[in-house]
Amino acid sequence: MPDAWLTARGFADERAGAAYDPSRYPGHGEGLFFVGVEGTAKVYAYALNADGSFARLATVDTPFALVAEVQFDRGLLWIVCDEACNGRTATYDIDATGTFAPTHVYARPANAPDVANEGFVVSQTCVDGRAQTFYADDADTDGFSLRSGTLPCTPGTPGWVDPEPSPTTSPTTPVLPGTGDGGPAESALTDASRGGLVAPASVVAGQPVTLTVPAADVGERVGVWLFSTPTDLGTDTATATRTVTVTVPVTTVPGAHGIVVTDASGAVLGWSEITVLAVPTVALPATGGDATLPGALAVAGVLLVAMGAGAVRRARLVRRVARPVFR
């Protein structure tokens, strides 16, 4: 991973007990090497120096029984497990503490067999809201060593290489149509425009929510909206780690909602699902005194995203599997 990317996000050097400073490791090049170890189910970050010495700077825990593959792609660390974990994949980003934390967990494509996929890659080209993915099966199950699927993507956003435009057209960032009051329209929240931000699985009504928007520039003012009924959550300035924070109205109806981030021109920077939880009930003691919560409010959520839906096409070496479906 490039030093510039790591330092911009405040990556923590566990060995030094401080923020990562590339100058501490002269001769290591321009980045760190990340390696997954199957036996420990962890990922490790190393500085490999020109004189043959090395230093371990970080250990990343995973939710899997083993690690079969790691990739750094579009500003995320992808950690892949094979049939030992039903073919699941997790993405990680650097959090506010400088450590790698999970952002999503994906299921394998719906029609893909649960096989020894120990290789994984995502195409950099975004076509019609989809990017090609490939899975390498080192067991050559049923005579197939390579299978393919797709992931949703947003053309024109950082990290994706758009197809060559025709002489009369050029790639543009999709803009959510207005509702008449400057807000985006729910009909525009499609698979093609989905993604582009990291949101928590849930938030309690009346509480702040922090979103990570990789496409936002540091210092950029962005707008945030809640759906299905368009609700303006206000604007905020993207921090150095590209996060923005807004407050969900206490009057929000509990349940599943969509949360959308746009730039000043109305171009969508990303959207995702989020569950709004009801404000917890406060019980008052019968004999007076302070109000107390009847118990600890525990909120836990994991966004499981199934990566598949469609037909499987048999080929000599490549079998196509369904594109992902978000659940």
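Two strands pair if DSSP finds at least two bridges between them. Strands themselves are DSSP runs (E, at least two residues), numbered from the N terminus. The model is predicted: local features need pLDDT of at least 70, side-chain atom pairs count only at pLDDT 80 or more, and totals for chains, interfaces and linings use all residues. Residues are numbered from 1 along each chain as its sequence is written, and side-chain values use heavy atoms, without hydrogens and water.

**Sheet.** Five strands make an open sheet with mixed pairing, in the order β13-β19-β18-β15-β16. From one strand to the next, the twist averages 35 degrees (axes are lines fitted to C-alpha atoms; angles run from 0 to 180 degrees between N-to-C directions). Strand β15 (residues 221–227) runs antiparallel to β16, and six bridges join the two. Opposite V224 stands G234 in β16.

**Disulfide.** A search of the whole structure finds one disulfide (a pair of cysteine sulfur atoms within 2.5 Å). C81 and C85 form it, with sulfur atoms 2.1 Å apart. The link of C81 and C85 is right-handed, with 60 degrees about the S-S bond.

**Accessibility.** Buried means under 20% relative accessible area, exposed over 50%, partly exposed in between (1.4 Å probe, protein chains only).

| Residue | Relative accessible area | Class |
|---|---|---|
| C81 | 1% | buried |
| C85 | 5% | buried |
| L48 | 38% | partly exposed |

L48 belongs to strand β4 (residues 42–48).

Terms used. Helix = DSSP H or I, 4+ residues; strand = E, 2+ residues; numbered from the N terminus.
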